[in-house]
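Open the model in your viewer and keep the selection tool at hand. The tour goes from the ligand to a helix pair, then out to the domains.

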Amino acid sequence: MRAQPISLCLLLTACQGAIQVTPPPEEVPAMKVIATAAIERTRPTRTTPGAWSNPSALWLQSGEVTVLDGALVRQKSGTDFSTLTVGTDTESTLPGVVKALSRRGEGVLLAATGGFFHDAPGRLLRAPVSDDFSMETIRFIDAVNGAVWVTTSTDAVRVLNGHRETVRLNDEAEPGAVQAVVGRTAASALVVKGASLYEVDLGAKTVKTLARGLATVTAIAHRGETVLLGTSDGLIEVGTTVTRHTLGPIVDLEVVGDTTLVTTTSQVLQVSSVAVVLADVTQPWPDALTKDGTGDVWFLDGASLARLSTSITLPPPSFAADVRPFMTAHCRSCHATGANYAPQLDLENYGTAKTWAARTVSRLTDTLAPMPPANTEVLTPAQYDVVVRWVEGGLLP
Ligand code: HEC
């Protein structure tokens with residue numbers, strides 16, 4: 001389904017305002033921290049398609065990989081790349097340097113030094129609202145349900161139905177500047193100000209403090225109802241609770257379907273209950289990571305485009321050959337008999353292990369209350385990866 005055309009184009013400079021919100025003083029629960037170590041599996045084959053002069057951003061548009069290369073926008077067509085029109089037939093424009101981009105269904109919204117650009121059939125079009133923003137200062141944009149949430153170097157701004165409103169968050173406990181705004185709906189958003197994370201409801205004019213202690217926000221993304229924040233100190237997942245995965249400094253973050261891709265300062269990772277290394281990267285870029293319809297992952301590494309053919313996968317592990325020996329070695333001592341106050345679970349039995357599979361993965365990856373209990377044995381992600389792959393691979397007997 002295609003996203004609706006954005007309301008940005010209707011914006012009038014005259015419609016501007018500010019909404020003031022102040023959080024009530026409250027206890028803020030501590031962020032949960034999960035030590036997600038990157039693990040190695042067989043890496044996908046890496047190729048470098050196309051010849052590039054100065055690539056700086058990459059996105060998926062109409063299902064095709066699209067690259068901003070210097071002043072040109074080039075889109076994959078067949079085995080090659082062809083130039084995509086920017087602007088109308090009579091008036092062409094240059095995007096300049098991409099500052100931020102946001103996925104909109106199948107399409108894209110770019111904030112570049114030349115203005116805001118959105119996808120149209122076979123081209124990119126500049127939105128008139130561009131003239132109301134100093135494009136140099138834009139840090140993030142996020143198109144959600146017809147609203148566009150814009151983070152400038154100083155403000156969190158919502159553009160909706162031709163109105164541009166600044167969210168002013170007054171928290172005595174947080175003197176820091178606005179870092180990012182991520183839309184939840186057209187009326188509510190998450191705001192990171194200084195090291196604090198808030199949920200703001202502009203309809204009710206309320207705000208709730210969700211977490212403190214955030215580092216520098218470098219990327220934003222949505223995975224269903226969950227908001228992901230890439231930071232200089234790992235990946236933050238904001239769902240019903242706030243969890244930080246210690247993956248290292250994050251440069252880029254992209255969710256495609258149910259795949260979460262992350263670029264750190266040295267690697268491209270696919271993150272689920274474990275983080276799997278897809279490739280090394282020597283010169284990572286923000287806004288330069290995606291996955292196409294065939295399942296291949298694309299990213300920019302310095303001046304080259306990298307394509308990872310993810311079609312080659314290992315056969316998934318089976319319970320009898322791979323998982324049962326793991327359960328015998330690491331779980332049996334307590335769970336077979338119910339020793340040490342453990343619930344009696346015959347995890348060496350296929351049926352029981354299958355029933356407890358989801359719980360098992362969440363306890364294996366849980367660094368606060370892991371299984372086995374931390375005072376008995378600490379397993380590394382590489383050790384329990386066999387169980388994760390068994391679950392991902394369809395729980396083979
Ligand atoms: C040293 C003893 C011990 C070992 C070894 C052990 N467990 Fe546990 N396990 C417990 C205890 C005690 C509980 C109940 C308390 C709790 O949930 O933390 C428990 C609870 C569980 C539960 C159910 C609790 C829930 O979250 O619903 C699962 C599933 C589980 N363990 C899986 C495993 C797996 C898988 C292994 C091996 C990788 C393992 N355990 C190894 C002691 C152990």
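A residue is near a molecule if its C-beta atom, placed from the backbone, lies within 6 Å of it. This is a predicted model: local features need pLDDT of at least 70, side-chain atom pairs count only at pLDDT 80 or more, and totals for chains, interfaces and linings use all residues. Residues are numbered from 1 along each chain as its sequence is written.

Select the ligand and its shell. Which of the 19 residues around the ligand come nearest? They are C331, C334, A342, M371 and P372. Now colour by element: α2 (332-335) and α4 (357-364) each give two or more residues to this shell. Helices here are DSSP runs (H or I, at least four residues), numbered from the N terminus. By class, the shell holds 11 nonpolar, six polar and two charged residues. Ala, Val, Leu, Ile, Met, Phe, Trp, Tyr, Cys and Pro count as nonpolar; Asp, Glu, Lys and Arg as charged; the others, Gly among them, as polar.

Next, select 319-330 and 381-392. These are helices α1 and α5, packed at about 135° with axes 9 Å apart. Axes are lines fitted to C-alpha atoms over the stretch in contact, and angles run from 0 to 180 degrees between N-to-C directions.

Show side chains. From α1, F319, D322, V323 and F326 make the contact; from α5, V386, V387 and W390 do. Contact requires C-beta atoms, placed from the backbone, within 7 Å. Six of these residues are nonpolar, none polar and one charged.

Zoom out. An automatic or database assignment gives domain 1 (7-29 + 54-257) and domain 2 (319-392). Their centres, taken over C-alpha atoms, are 40 Å apart.

Methods. Contact = placed C-beta atoms within 7 Å.
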